[in-house]
Amino acid sequence: MELRGVEELMSLLHACRGVHDIPGLAHSRLRPGGGPPVGDPVDLHDHALQTAALLRRGHPSDKELQVAGLVHDIGHLLGPGEDAGHAGLAADAVRPLLGERVSGLVRLHVAAGRYLAAASPGHGRAPCTTLAPAAEGGAMTRHEAAAFEHDPLAEDAVTLRQADDAGQVPGLYAGDLEDWRTLLELVAERSARLGATD
């Protein structure tokens with residue numbers, strides 16, 4: 001799926017409300033029996049807002065990094081149960097609209113988690129969740145880590161992943177999705193201009 005406009009992307013992000021990332025299963029809104037969801041402690045909607053807000057705070061001039069934080073997990077909604085491929089699904093979906101850099105950062109956020117697990121043994125996703133990079137392929141080997149470090153987007157992908165890991169705080173209000181519409185439009189317009197000159 002390729003997103004054709006900001007409105008379509010906003011609708012997809014709104015649809016993330018109440019959807020939790022449950023590894024190995026199609027996404028559901030509740031655990032069977034009505035208990036709280038298993039997996040990530042916040043839904044994909046709030047997780048996107050928390051991740052993007054952390055990146056805005058830490059990197060206020062890097063609009064593409066912030067947008068990558070907002071959209072990095074939409075692949076979970078595009079391919080329920082396809083946890084291993086969610087980054088690629090999201091990257092492919094946003095590339096035509098948001099450009100190569102945003103797409104590349106989204107694609108690398110899973111690899112960045114594996115890299116962090118290799119660089120910092122014991123690295124999990126967030127203190128409040130039991131999920132670890134093992135669900136995403138485990139820690140990188142030394143060879144994989146060396147190859148990852150040579151990617152020009154590696155450092156920013158690690159920054160994205162650190163915000164991804166930290167953006168899992170139940171009940172934390174990180175703003176409204178509509179607050180991001182203008183920035184999404186600006187990044188999309190810039191991408192379209194760059195595409196027209198290529």
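Which residues have the most contacts inside the largest nonpolar core? In this predicted model, they are Leu9, Leu70, Val71, Leu98, Val102, Phe148 and Leu184. The core has 45 residues. Eight helices each supply at least two of its residues: H1 (6-14), H2 (44-58), H3 (63-71), H5 (86-98), H6 (100-119), H7 (142-149), H8 (154-166) and H9 (181-197). Helix H6 gives the most, with 8 residues. In soluble globular proteins, nonpolar side chains tend to be buried together.

Beyond its neighbours within four places in sequence, Val102 is in contact with Glu64, Val67, Ala68, Val71, Val94 and Val187. Val71 is, like Val102, among the core residues with the most contacts. Ser103 lies in helix H6. Its relative accessible area is 2%, so Ser103 counts as buried, the cut-off being under 20%.

The packing of H2 and H3 was then described. Their axes come within 7 Å and cross at roughly 165 degrees. Helix H2 is therefore roughly antiparallel to H3, as angles over 145 degrees count as such. The crossing is right-handed. On the H2 side, the contact involves Ala48, Leu49, Thr51, Ala52, Leu55 and Arg56. These meet Leu65, Gln66, Gly69 and Leu70 in H3. By class, the residues of this contact divide into 6 nonpolar, 3 polar and 1 charged. Leu70 is also among the residues with the most contacts inside the core.

Methods
Residues numbered from 1 in each chain as written. Predicted model: local features only at pLDDT ≥ 70, side-chain atom pairs only at ≥ 80, totals over all residues. Heavy atoms only, no water. Core = buried A, V, L, I, M, F, W, Y, C linked by side-chain atoms within 4.5 Å. Buried < 20%, exposed > 50% of the residue type's maximum accessible area, 1.4 Å probe, protein only. Helix = DSSP H or I, 4+ residues; strand = E, 2+ residues; numbered from the N terminus. Contact = heavy atoms within 4.5 Å. Axes fitted to C-alpha atoms, helices over the stretch in contact; angles between N-to-C directions. Parallel < 35°, antiparallel > 145°, perpendicular 65-115°, else oblique. Left-handed = near helix turned anticlockwise from the far one by under 90°. Nonpolar A, V, L, I, M, F, W, Y, C, P; charged D, E, K, R; others polar.
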